[in-house]
2 protein chains.
Amino acid sequence: MIKQLQQQVEEQVAALNWSMEPQGLYQPIEYVLSLGGKRIRPVLTLLACELFGGDKSQAMPAALAVEVFHNFTLLHDDVMDRADTRRGMPTVHKKWNDNTAILSGDAMLIKAYQLLQQAPLDKQPALFGLFSQTAVEVCEGQQYDVDFENDLTVCIPQYLEMIRLKTAVLLAAALKMGAIIGGASEQDAQALYNYGINLGLAFQLRDDYLDSFGDAAVFGKKIGGDICCNKKTFLMLTALQKANKEQRDQLEKWMDCNNESCFEQKVASVLAIYKDLQVDVRCEEAIQQYFEKSVGSLENIQLPDNKKDILVNFANKLMGRNK
Amino acid sequence: MIKQLQQQVEEQVAALNWSMEPQGLYQPIEYVLSLGGKRIRPVLTLLACELFGGDKSQAMPAALAVEVFHNFTLLHDDVMDRADTRRGMPTVHKKWNDNTAILSGDAMLIKAYQLLQQAPLDKQPALFGLFSQTAVEVCEGQQYDVDFENDLTVCIPQYLEMIRLKTAVLLAAALKMGAIIGGASEQDAQALYNYGINLGLAFQLRDDYLDSFGDAAVFGKKIGGDICCNKKTFLMLTALQKANKEQRDQLEKWMDCNNESCFEQKVASVLAIYKDLQVDVRCEEAIQQYFEKSVGSLENIQLPDNKKDILVNFANKLMGRNK
């Protein structure tokens, strides 16, 4: 079922028409949208709409709005992070230039609102309100992420709030938008939102975990990327909190070392400290905790169990579990 | 009357609350909005609403949306143009950095939509549609402006289309949004839009004219800025069109000269060619033509003459005429 929705989203994304002038504005948009990805967010919008008995074709414009918005954030984030590649291909600011990434990104944000205006008219006030609120929160999350780079006093709750804003709220909003279009009660829509928030947190923490402890072949990225660039992830913040004086000195020494030739040693040394401090275990616990909270949010929703099971299965699949 | 509206806009812009976390996101927004400016666009929204008998307080959120959107474009354009100052003060990317200008700009675009959602509910579909369409067009205009820098084949109609998109459509949309909220008929709202388009074109051409032929003290900028940076304005494009072989060679020679020490000579020489070719006269004619077209658009509007006079007076004032 998820696969089928994914395919429908893919078709509709491909059907968006960007063959317009000026090409310098629209070709980069077509490019970034053609790079694929799992289309998780729009799939969730369609799925939520269907679960509540709505017609998924009515949710498609909102689903596309979420996907176009998500890709807008990638364009601008990649400029800010100076990222060279995205899904194995050059980023827009690399293939074109910074100005193109900025301006085409702006056009995508506006296009997302235009798509949302194709949603059922009576649902638009709720959808616009939720969408704008979420969009602002994603900007706030990105700002916290930037701020944290130079902040030595970040604590774990602050980090969790940052990833809630940067990652979880869009997943949650995608679900809630589908629920709204599907005719869910406000209470059910909010419970689904909470499922999304906690699933988003679990998902991001798992991403942190895999960046340090994953299998490079499965993860698709080199292991230790976060360690190399001194990212203050859940793992690093937990390590700094649990470390004794000597371990803390070691971690800080490695964070001061940005010499590429030392990266292999840096990753190995930091990972050894993570293991000593059982940071991996603590992270797995946190993931499990948010995962359970996510699935637990479904309890209060007025839906038959077989429909809830679809969401439980989705959560398991997203977390790479074969349940 | 205009002065009074201006003051009300100023108060409401100042009343927008940006004292939120993360400050790194919101302080630049407060900064750019505090730099002032004439608030022409929001004033036009309020004015148009009042002319059609609407309550201007109902038009204030839309007016603020237009002003916040306009300032968003300034933030991003200044990054793209590497502009150091704006209204005599450092630009956001200079005072902070590029990433701040990008991200705070994004948040402003979203905030504009949030403000628009405070407009009367029954008018929102029309307002959102017009606003998004206009916003996309402004992006297209900026893209054409960037494209034209490296395009030697730009012709005058292309230039006029660029300034229509980059400048005129927002002025026109500001008016039409006010008219919609004020309860104008679609026909009247569209006629007012046309008034705005032609006034916007006249205004931008006048800006081009003053950059070459203005009084530096009155214009507020150094004369010849466009000539120095080889901007393909209406003046330059007209000159290139009218030039004989020798004059064209001269113009192209000066466009190849980007040595700052030659700028004084460059401006004087290009201005001499402009004068020889009566480019100034041709530009004044074009300004007058668009001005008349603008005022002429008012004829078909169902409004008493004393109300139309307010718009005629506004147009004269905007064009620096003392009529």
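Trainee: Why is helix H12 (residues 234-242) of chain B called largely enclosed by the rest of the structure?

Mentor: Because seven of its nine residues are buried. A residue is buried if 20 or more other C-beta atoms lie within 10 Å of its own, exposed if 12 or fewer, and partly exposed in between, with C-beta atoms placed from the backbone. "Helix" has its own rule: helices (H or I, at least four residues) are DSSP runs, numbered from the N terminus. This is a predicted model, in which local features need pLDDT of at least 70 and side-chain atom pairs count only at pLDDT 80 or more, while totals for chains, interfaces and linings use all residues. Residues are numbered from 1 along each chain as its sequence is written, and chains are lettered from A and ligands numbered from 1 in the order in which they are written.

Trainee: Which residues of H12(B) are buried, and what do they pack against?

Mentor: They are Phe234(B), Leu235(B), Met236(B), Leu237(B), Thr238(B), Ala239(B) and Leu240(B). Their partners are helices H8 (156-182), H9 (186-213), H13 (245-256), H14 (263-276) and H15 (279-296) of chain B. Packing here rests on contacts, where two residues have C-beta atoms, placed from the backbone, that lie within 7 Å.

Trainee: What makes Asp78(A) buried while Gln58(B) is only partly exposed?

Mentor: Count the neighbours. Asp78(A), in helix H4 of chain A, has 21 C-beta neighbours inside 10 Å, so Asp78(A) counts as buried. Gln58(B), in helix H4 (residues 56-80) of chain B, has 18, so Gln58(B) counts as partly exposed.

Trainee: What do these two residues touch, leaving out residues up to four places away in sequence?

Mentor: Asp78(A) touches Ala83(A), Arg86(A), Thr91(A), Val92(A), His93(A) and Ala101(A). The C-alpha atom of Asp78(A) is also 9.6 Å from that of Asp98(A), 20 residues apart along the chain. Gln58(B) touches Cys49(B), Pro120(B) and Ile181(B), and its C-alpha atom is 8.7 Å from that of Leu46(B), twelve residues apart along the chain.

Trainee: How do you know that the length of helix H15 (residues 279-296) of chain A is close to what is expected?

Mentor: The expected span is 1.5 Å times one less than the number of residues. H15(A) has 18 residues and reaches 25 Å from its first C-alpha to its last, close to the expected 26 Å.

Trainee: Which residues of H15(A) are buried, and how do you know they are on the same side?

Mentor: The buried ones are Val279(A), Cys283(A), Ala286(A), Ile287(A), Tyr290(A), Phe291(A) and Ser294(A). They cover an arc of only 135° around the axis, so they sit on the same side of H15(A); the arc is that of the directions from the helix axis to the C-beta atoms. These residues pack against helices H9 (186-213), H12 (234-242), H14 (263-276) and H16 (305-318) of chain A. The face turned away from the buried side carries the exposed residues Val281(A) and Glu285(A).

Trainee: What makes Gln278(A) stand out in the loop between H14 and H15 of chain A?

Mentor: Its phi is near 55°, a positive value in a residue other than glycine. With 14 C-beta neighbours inside 10 Å, Gln278(A) counts as partly exposed. In chain B, phi of Gln278(B) is also near 55°.

Trainee: What joins Glu21(A) and Pro22(A)?

Mentor: A cis peptide bond, with omega about -5°. Pro22(A) lies in the loop between helix H1 (2-15) and H2 of chain A. A cis peptide bond joins Glu21(B) and Pro22(B) too, again with omega about -5°.

Trainee: Why is the relation between chain A and chain B called that of a two-fold axis?

Mentor: A rotation of 180° with 0.0 Å of shift along its axis superposes chain A on chain B, RMSD 0.0 Å. That is what a two-fold axis means.

Trainee: How many residues does each chain bring to the contact?

Mentor: Chain A gives 30 residues and chain B gives 30 residues. H7(A) gives the most to the side of chain A that touches chain B, with 13 residues. By class, that side has 18 nonpolar, nine polar and three charged residues. Ala, Val, Leu, Ile, Met, Phe, Trp, Tyr, Cys and Pro count as nonpolar, Asp, Glu, Lys and Arg as charged, and the others, Gly among them, as polar.

Note on methods:
Helix = DSSP H or I, 4+ residues; strand = E, 2+ residues; numbered from the N terminus. Least-squares fit on C-alpha atoms with pLDDT ≥ 70 in both.
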